[in-house]
Amino acid sequence: MKLLLVEDDTLLAETLQDALGLAGYSVGCLADGNEARERLAGRHDFALILLDLNLPGCSGLEVLATLRGHDADTPVLILTARGAIEDRVRGLDLGADDYLAKPFALDELEARVRALLRRRHPSGAHLQVGPLAFDGLAQRFTLDDEPLNLPPREQRLLGCLMRHAGEPIDKAQLAGEAFATDSVGDNAIEVYVHRLRRRLAGRGVELRTIRGLGYLLTES
């Protein structure tokens with residue numbers, strides 16, 4: 001799942017991006033309120049938004065108001081160092097789903113994210129391609145009912161391939177959907193696909209290369 005983190009503290013943003021990436025999410029990051037408001041003013045593909053209130057450009061509350069003007073469904077988790085209860089209440093009144101006051105534990109953040117995604121996206125919690133399964137709530141892959149442990153980037157790639165199972169997907173689309181704002185080139189995609197193909201070989205799932213179209217994940 002793709003998440004958007006709007007946070008202007010560089011160190012905190014990098015820490016959260018790494019932690020959520022290791023948890024299996026694809027995380028885009030913006031540090032400016034105006035950029036975030038522009039990005040969320042129209043159609044987007046984020047499953048959840050983590051939003052700081054104190055931002056340069058415009059406040060997180062303004063970003064939230066813009067989003068809720070056309071999107072009432074995407075979960076928003078407010079991250080704020082502000083102690084005033086009024087700020088939190090106003091955020092909830094504007095349509096935020098939850099808030100977390102800084103400083104917070106990464107485990108608690110991940111639990112809040114899982115809870116919001118479980119509440120809002122129950123139908124997308126499970127993907128299945130033959131004996132290969134992905135539990136979106138637990139962020140866990142299994143193959144023949146056994147855990148399939150993968151590095152974070154291979155997890156992202158496989159999750160994207162499973163969402164498009166039965167249809168070819170090219171490298172550019174894979175890079176955009178699986179890695180969001182990360183810079184991942186064609187050579188890296190080929191390496192990850194090669195590794196996944198070796199892991200899945202002879203296990204009831206096939207990862208094929210379709211010339212001119214991209215990669216196709218199917219049941220053998």
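Predicted model: local features only at pLDDT ≥ 70, side-chain atom pairs only at ≥ 80, totals over all residues.

**Entry 1: the hairpin.** I looked up S6 and S7 and found that they form a hairpin with 2 residues between them. Gly130 sits in that turn, and I read a positive phi of about 60° for it. The two strands run antiparallel to each other and share 4 bridges. For a landmark on this pairing I took His126, which stands opposite Asp135 in S7.

**Entry 2: the sheet around it.** How many strands does this open sheet have, and in what order? I get 4 strands, in the order S6-S7-S8-S9, with antiparallel pairing. Strand S6 (126-129) and strand S9 (146-147) are the edge strands, each pairing on one side only. As a reminder to myself, strands of a sheet pair through backbone hydrogen bonds, either parallel or antiparallel.

Next I checked S7 against S8. Strand S7 covers residues 132-135 and strand S8 covers residues 140-143, and they are joined in the antiparallel sense over 4 bridges. Leu132 stands opposite Leu143 in S8, and Ala133 stands opposite Thr142 in S8. Side chains in a regular strand alternate between the two faces of the sheet.

Entry 3: I placed Asp144 in the loop between S8 and S9. I also flagged a cis peptide bond, from Lys102 to Pro103, with omega near -5°. Pro103 belongs to the loop between strand S5 (98-101) and H5.

**Entry 4: the two domains.** On the domain 1 side 13 residues make contact, and they meet 12 residues of domain 2.

What holds for the area between them? About 940 Å² is buried between domain 1 and domain 2, with carbon and sulfur atoms giving 51% of that. I looked for salt bridges between the domains and counted 0. For polar contacts between domain 1 and domain 2 I have 1 residue pair, both residues at pLDDT 80 or more.

Then I asked which elements supply the side of domain 1 that touches domain 2. Helix H1 (10-22), strand S2 (26-30) and helix H5 (106-120) each supply at least two residues. S2 gives the most to this side, with 4 residues. Sorted by class, the side of domain 1 that touches domain 2 holds 5 nonpolar, 5 polar and 3 charged residues.

Methods. Residues numbered from 1 in each chain as written. Heavy atoms only, no water. Contact = heavy atoms within 4.5 Å. Buried area = accessible area lost by both parts, 1.4 Å probe. Salt bridge = Lys/Arg side-chain N within 4 Å of Asp/Glu carboxyl O. Polar contact = N/O pair within 3.5 Å; in protein donor to acceptor, adjacent residues only side chain to side chain. Nonpolar A, V, L, I, M, F, W, Y, C, P; charged D, E, K, R; others polar. Pairing = 2+ DSSP bridges.
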